[in-house]
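Subject: The structure, and what I found in it

Hi,

Here is the structure I promised to send over. Have a look at it first, and then read on for my notes.

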Amino acid sequence: MSFIRKNMEKMSTDDATSRIIQPSWYEKLGEWDKALYAYETRLEAEPHNFEYALGRMRCLDALGNWGELHDLVEGMWHTATSEQRGAAAKMACSAAAGLGAWESLGPYLSALQQDDADKLMYSAILHIYRTDFDAATKDIETARTLIEP
């Protein structure tokens with residue numbers, strides 16, 4: 001990995017080659033700040049490119065920038081397709097939970113698959129927030145069966 005990282009750093013200092021470096025390469029190396037900058041730069045040129053926005057979301061999620069991630073998701077949620085919502089839903093749940101914005105979990109949960117353990121755990125958190133402990137217990141038990149069959 002150090003060979004790849006060293007060569008990417010060398011390449012990224014040259015303007016011409018920095019345009020060919022894919023932001024996802026930085027993600028794979030765990031260079032979240034660099035990946036975020038690369039996605040933001042790409043989004044300036046193509047503001048409606050959902051793949052770049054999704055990459056930016058992954059970076060914000062990895063960096064724990066819940067407020068910025070939550071704002072980004074909220075801004076795109078109403079115009080996103082169901083497929084795009086599904087791709088962003090887990091990160092949206094992370095951001096909402098990280099901020100304690102429990103009530104905003106609802107729409108994000110509906111975009112997740114029914115048999116997703118993460119959906120059930122976030123749903124349990126929402127039920128606990130609403131003091132519906134029976135529903136929370138049911139979600140936790142169902143999530144356990146999915147995780148430990």
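This is a predicted model: local features need pLDDT of at least 70, side-chain atom pairs count only at pLDDT 80 or more; totals for chains, interfaces and linings use all residues.

**The overall picture**

The protein has ten helices and zero strands. Reading along the sequence therefore gives the pattern α-α-α-α-α-α-α-α-α-α. Of the 149 residues, 38% are buried. Taking contacts between residues at least 6 apart in sequence, 41% join residues at least 24 apart.

Start with helix α4 (residues 32-45) and α5: their axes come within 9 Å and cross at roughly 155°. That angle makes α4 roughly antiparallel to α5, and α4 passes α5 in a left-handed crossing. On the α4 side, the residues involved are Trp32, Asp33, Ala35, Leu36, Tyr39, Glu40, Arg42 and Leu43. The α5 residues they meet include Tyr52, Ala53, Arg56, Cys59 and Leu60. Sorted by class, this contact has eleven nonpolar, one polar and six charged residues.

Next come helix α5 (residues 50-63) and α6, which pack at an angle of about 155° with their axes 9 Å apart. This makes α5 roughly antiparallel to α6. Here, too, the crossing is left-handed as α5 passes α6. From α5, Phe50, Ala53, Arg56, Met57, Leu60 and Asp61 take part, and they meet Trp66, Glu68, Leu69, Leu72, Val73 and Met76 in α6. By class, the contact of α5 with α6 has nine nonpolar, no polar and three charged residues.

The last pair is helix α6 (residues 66-77) with helix α7 (residues 82-99): the packing angle is about 135° and the axes are 9 Å apart. Are α6 and α7 antiparallel or oblique to each other? Angles over 145 degrees count as roughly antiparallel, and α6 and α7 are therefore oblique to each other. As α6 passes α7, the crossing is left-handed. The α6 residues in the contact are Trp66, Gly67, Leu69, His70, Val73 and Trp77. On α7, the contact residues include Arg85, Ala88, Met91, Ala92, Ala95 and Leu99. By class, there are eleven nonpolar, four polar and one charged residues in the contact of α6 with α7.

**Aromatic pairs**

The count comes to three aromatic pairs, and I would like to point out two of them.

Tryptophan 77 and tyrosine 108 form an edge-to-face pair, at 4.8 Å centre to centre with 80° between the planes. Tryptophan 77 lies in helix α6 and tyrosine 108 in helix α8 (residues 105-110), so the pair ties together parts that are 31 residues apart in sequence. Are these two residues buried or exposed? Tryptophan 77 has 6% relative accessibility and so counts as buried. Tyrosine 108, at 1% relative accessibility, counts as buried too.

Tryptophan 102 and tyrosine 129 form a tilted pair, with 6.3 Å centre to centre and 40° between the planes. Tryptophan 102 sits in the loop between α7 and α8, while tyrosine 129 is in helix α9, so this pair links distant parts of the chain, 27 residues apart. Tryptophan 102 is partly exposed, with a relative accessible area of 24%. Tyrosine 129 is also partly exposed, with a relative accessible area of 45%.

**Two single residues**

Histidine 127 is found in helix α9 (residues 117-129). Its relative accessibility is 19%, and the cut-off for buried is under 20%, so histidine 127 counts as buried. Which residues does histidine 127 contact, leaving aside its neighbours within four places in sequence? They are Asp132, Ala135, Ala136 and Asp139.

Threonine 131 is in the loop between α9 and α10 (133-147). Although threonine 131 is not a glycine, it has a positive phi of about 60°. At 55% relative accessibility, threonine 131 counts as exposed.

Happy to go through any of this with you at the screen.

Best wishes

Conventions: Residues are numbered from 1 along each chain as its sequence is written. Side-chain values use heavy atoms; hydrogens and water are left out. Axes are lines fitted to C-alpha atoms, for helices over the stretch in contact, and angles run from 0 to 180 degrees between N-to-C directions. Helices (H or I, at least four residues) and strands (E, at least two) are DSSP runs, numbered from the N terminus. Angles under 35 degrees count as roughly parallel, over 145 as roughly antiparallel, 65 to 115 as roughly perpendicular and the rest as oblique. A crossing is left-handed if the near helix is turned anticlockwise from the far one by less than a right angle, and right-handed if clockwise. Contact means heavy atoms within 4.5 Å. Ala, Val, Leu, Ile, Met, Phe, Trp, Tyr, Cys and Pro count as nonpolar, Asp, Glu, Lys and Arg as charged, and the others, Gly among them, as polar. Buried means under 20% relative accessible area, exposed over 50%, partly exposed in between (1.4 Å probe, protein chains only). Rings of Phe, Tyr and Trp (its six-membered ring) pair if their centres lie within 6.5 Å; planes under 30 degrees apart count as stacked, over 60 as edge-to-face and the rest as tilted.
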